[in-house]
Each structure stands twice: as C-alpha cells, then as structure tokens.
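The sequence and structure come first.

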Amino acid sequence: MNLSTNIVVTAVLLLVLSGGLLFPIHSSITELETAIAGLEDSSVVVASPVPERLAEVNHDLEAMQASLDSRGFELCPDTPEARNEMESLLHTEMMEAGLTRISMDRQAGSGTGAFPSFNISLIVEGDAFELHAFLQGLESLKWVTRVLKLEIQPGDVERRIKMQIAVLLENEP
Amino acid sequence: MKVQKAGRIGVVVSDQVLRAAQRVDGHLVTASVPFDKDLKRSLKQLLTSSPFVGKDVVVGVEGSRVLVESLVVPPGASKSAQAVSAERLKGDPVFNETNAALSVAVASSPSGGGPSMVIHAAVIHERIAQIMTACRELQLQVLAVEAAALAAWRAWSGAGLQVRLVRTATADIVQAGMDGKLLFCRIVDQPISSIELRATISRAASLLSTDGFDVLTCSGVEPEERHEMVKELGMAVEQPAEPIDDAEAVGLATDGVILTEFTPPEERLLRIKRKVRKVRTYMCGAAGVLVAVAGLLGYQRIDSLKTRQLLLEQQAQSAQAAEAALAAAQAQLGLVKSAAEHLAGARPGHHMSVLFSLISNTAPEQMILESIKVDDVPAHVDDSARKDKKKDKDKEETPTTQPRVVEARLAGLAGSDAAVRDYADGLIATGAFSDVRIEASERVILENGSGGERFRIFAAAETR
C-alpha cells in the first residue's frame, strides 16, 4: 500500500470515526431543535395575553365583589333562625316607628317573581307618619322585602293597617 | 522554550574521518571526528560533538568505498545509459555488480541534440550496510545515502553554466553543471595539478557544449593557491558567496535533487512507513482537534438548546396555569355577576314608603283619604307586548326581573269635584304612576250640611 492509499484509508477511517463520534451530538441537536420548534409553534407559548386578561378579570371580579358588598342588602337565608330574626327585626321596626301591633302571622309564600319567599301578615294600628316611618325602616333592613298588600282602613287619626310583607329568600341563581 | 529551525544533518563517511554539517537557525553547525572502524561509536561521537538538532540525516560516502564517474553516451547509442554504466563497471575488481550498488544519473546535453551526459556512482554494499546498521542503532532517520562528491554541488547555488573545484581532505572534485543541475564530475587526488585542472575544465566545457568558463568557483582552496590558479588557468577564480569549508557535508545538509541514491529498499520502505506514520499522526491530531472542537461546540449548542427548551416548557406550563386561572376567574366572575343580577332583580323597583308618601302628601288639605289599598301584583302583559319584550329579553330582562305593578285604590272625601281632579292630576304629575283613573266621584251632603265629593281613584305604578 503506497503513501497515497495509506493516507486515503486513514482519512476515511478518521472520517468514519469522527462521524461516529459527532453523529450522536448532531442527532441530539436535531432532536432538541425539533422539540423547541414544536414548543415555539404551539399556541400556548405564542405571546399569550392570558396574564393581562387574568388581571382584567380579577379586577372586574374585585370591582363586582366590592359593588355587591357596598349594596347593603341581601336575600334572607332560608333558615328558621333567619326567619325568626326577620320577625324580630319587624317587631323592632314597628316599635321604633310607634305602631301598635295587633297581630303578626307568618305564612309560607308562593314566591315573588323568580324568588322564593315567606310572607308575614301584619295588623297594626298607627297614624300615617308612623306607617311611613315603619315602611322606611322596613326598606332599610339588610334583607330584601316586598310589601305585597297594604290596606289602611277608615278611621280617625289612628287607623288599622293590614300589611302583607314578602321576605325574599336565597335560592341558587 | 525556543524552537530551533533546523534542517537535516549531512554526514560524510570517508575512510579515515567522519564529518557532519547542519543548518540551525540560519547558522552552519559542523563537526569532524576520526573514523576508527567502529562506525556507530564514531557517528555517535560526531553527532554529540556539536549541537546538532534532530535525527534526520543524509549520509554521503566518500573515499575508497565509492566510485564516481562521468560518461558520455552519444545520441542514437544502442545501449541505454544504465547499460553503458553497468558495462563500464563490468569486471571491475572492487565496484563490480556483486560488490557494489550502482546508481546512474542521466542528463541530456544543455545545448540539446548532443550526447547524453551520464554520472554514475557505485558504493560498496558492505559500506552501505555498515552505515545503515549504525544509523539504525543510533535511531537516526536516514533520508538518503548518496555519493558525497555529487552532493557537494548543492553546497551553494549558482546560475547558468558553472565550473567548480571542491577540495576535500583527500581529493579534489571538479564539477560542472547548469543552474542547480550537476552534469559533470571528476574526482582526482589532491592537489590537482594546474595542467590536469585545465584539461578537466576543457573537457567539461566540451561536454557541456560551451567554449569555456569565465569563472572557476573554488571551495576549500587557500587564497594563495587561488591566485596561482588565476595565473595558470587564465580565468577568474572565486569563492562562493558564503565561504564553505566542507562542501560535501554542507551539500548533504542542503535540500535538492539527489542524483545517485543508495538507500537500501528496506530503508526506503521504513522511510515510507515513517512518513505514513507521521502523516497519520498529523491527520489524527488534526481530526482529534476538529472533533474535540466540534464536540465542544456541539455540547455547548446542546446545552444552549436544553436551556431554551426548559425555558419554553416553563413558559408553556406558566401559560397553561394562567389559562386555568383565567378560566377559574372567569367562572367566578360569571357567578358573581349572576349573583349580582339576581340580587338586583330581587329588590323591588320602587320604595313603598315613597309611594305612600306621594299618595298622602299629594292630597289637598280639604281631602280626607278614608281608605287606601295597595296591591303589588304581577303585571298583565298582552300578547303583542310580550312578543316585543321577548325580542329584547336577553338584553334587558333577566329571569329574575319580572314586571310588576303596584295598584293603589284610594277612597276618600274631597271638598269639590275639582279637588278630586286636582288630586288625580297631582298623582300623575309625580311621575310615579303610569295610570291614574277616577273610578267614581259623586256629590254628597255631609253631616254638617255642607257639600262634598266622595271619590274612588285607581292609580297604577309600573315596577319590577
């Protein structure tokens, strides 16, 4: 084997050896580049405005919650304790307004609109100012109520007043 | 550590002395030792006596163990130059085919068309073997073995046709040639007589087809002797540009064409193997460096790509987590909105206290409201209105907001019919009632005898 052949054989062997050594590196690089291209092309990574949107939604949520909290009224929980408390509140309002309680009955309500409710029938005696004060007090209660019936019977200054008040109860929206 | 730029070592092996020369960093290093039969020892002594660099040597043979001759082969000769040389030495007691190796250098006449000039040299096999054994034992790389006398031509360069006289310890060598090519060589015992020198120069001129030479360049000749030569030869006698004491050793140490080589075939094979090994070493080294660099760059690239992949994966995970958080937040927002709308729809669209206040405060002084009956009932919506409302149902009406109406039935006693109408107008003017109707109004006589107007008014306020 002459010099040229020897050199050629050596060169080929070195080429094969170098290729054998470098091919795994090349394969790794190709594999990683493919994986990275896949990740870069995926819609998840592409400059998503999610953080900005999330911040907006959280802001809206906080604003909405704050608005809800600032309303100062809510629906009465559908529990015996809450119903009793409501009756107590009504009684207190009556006393504060100066009305004279004749009777107070609690009845199951048929619902007001889309809301379940329970009704309280009141018969009281008092003048127009006391009634007005009672109605204002009723409207300032934390729980939502609705005067379904109001009947002022004939009389002098002190009149007999019949009222049917619906207390709206919580239900799932 | 300073790396010295050194050429090969030219070693002249003669009968009684060993000489060597080498160019190291542009300077000439020379040495000379006696040859005492033990070539290896003498050679080792020679190479250690001066600061020679490396192991590459070109060995030149001089003295009784070598024969150098110039021949002329006329054009059209029946035998080749090689055959002529072999024929010339046939029957020689010393340099015959059995005892000596023959090497022939052939050159055509400088004028062209003339006879071929042949320089042949023969070296005794025994001396070649002796040299190779010594060199091998001293681990010297023998690049070539040649006749030292012929190598002297390479000692210095010249242009055009030249004739030279090289004086060694035992012989005078007359050489002639053109540029770097030696075409004629004759070795005679020194000192050569002027007559013989003139004759030799004339013969050389004749062989080289020239009328004569203008200058004789001499090496190893004393200045006085050169002056005498000038007188006797009638031509200029000069020294080489760089004075050279041992032209043979310097010639061996100088790169150039080797006319007659006596390197044994096995040594040539070893030389090729050494060259192959050297080239392989360089190639492997270069390939190793390239692979190492490529590998390093490759691993750096892999590292960089892995970092990027990790970053992208983390970004993807973050994005997915943010998407999930967004979905959860949107769901919660929907719930809160729904709860807010639900709660907003639960509250009556009116204040009963305000309605009552409007009803009672709008009444004139001369009016007595005997009874008031207020009913908060669902509104009756006719079909056409329902259809119209259905279109805007999604936009304006939530399931929790349903239209209702507050119906107030007022009965009382007023001073006059006009007061009743004024009261009804007043109720409308409040803007709270959409419908106010006087259902009944009749003149009555009161107990005190005065007249009055008994009335019934229906008022409706739309709400939700």
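Predicted model: local features only at pLDDT ≥ 70, side-chain atom pairs only at ≥ 80, totals over all residues.

On the side of H4(A), the contact is made by A:Ala128, A:Leu131, A:His132, A:Leu135, A:Gln136 and A:Glu139. H9(B) contributes B:Met352, B:Ser353, B:Phe356, B:Ser357 and B:Ser360. By class, the contact has five nonpolar, five polar and one charged residues.

## Make-up of chain A

Chain A has four helices and four strands, which follow the pattern α-α-α-β-β-α-β-β along the sequence.

Of its 173 residues, 23% count as buried. Among the contacts in chain A with a separation of 6 or more, 65% are between residues 24 or more positions apart.

## Sheet in chain B

In chain B, five strands form an open sheet with mixed pairing, in the order E3-E2-E1-E4-E8. Strands E3 (27–34) and E8 (141–147) are the edge strands, each pairing on one side only. On average, neighbouring strands of the sheet are turned by 20° against each other, direction ignored.

Within this sheet, strands E1 (residues 6–13) and E4 (residues 56–61) of chain B pair in the parallel sense over five bridges. B:Val12 has B:Gly60 in E4(B) as its bridge partner.

Helix H1 of chain B (residues 39–49) lies across strands E2 (17–24) and E3 of chain B, and runs at about 145° to E3(B).

Note on methods:
Residues numbered from 1 in each chain as written. Chains lettered and ligands numbered in written order. Contact = placed C-beta atoms within 7 Å. Helix = DSSP H or I, 4+ residues; strand = E, 2+ residues; numbered from the N terminus. Nonpolar A, V, L, I, M, F, W, Y, C, P; charged D, E, K, R; others polar. Buried ≥ 20, exposed ≤ 12 C-beta atoms within 10 Å, placed from the backbone. Pairing = 2+ DSSP bridges. Axes fitted to C-alpha atoms, helices over the stretch in contact; angles between N-to-C directions.
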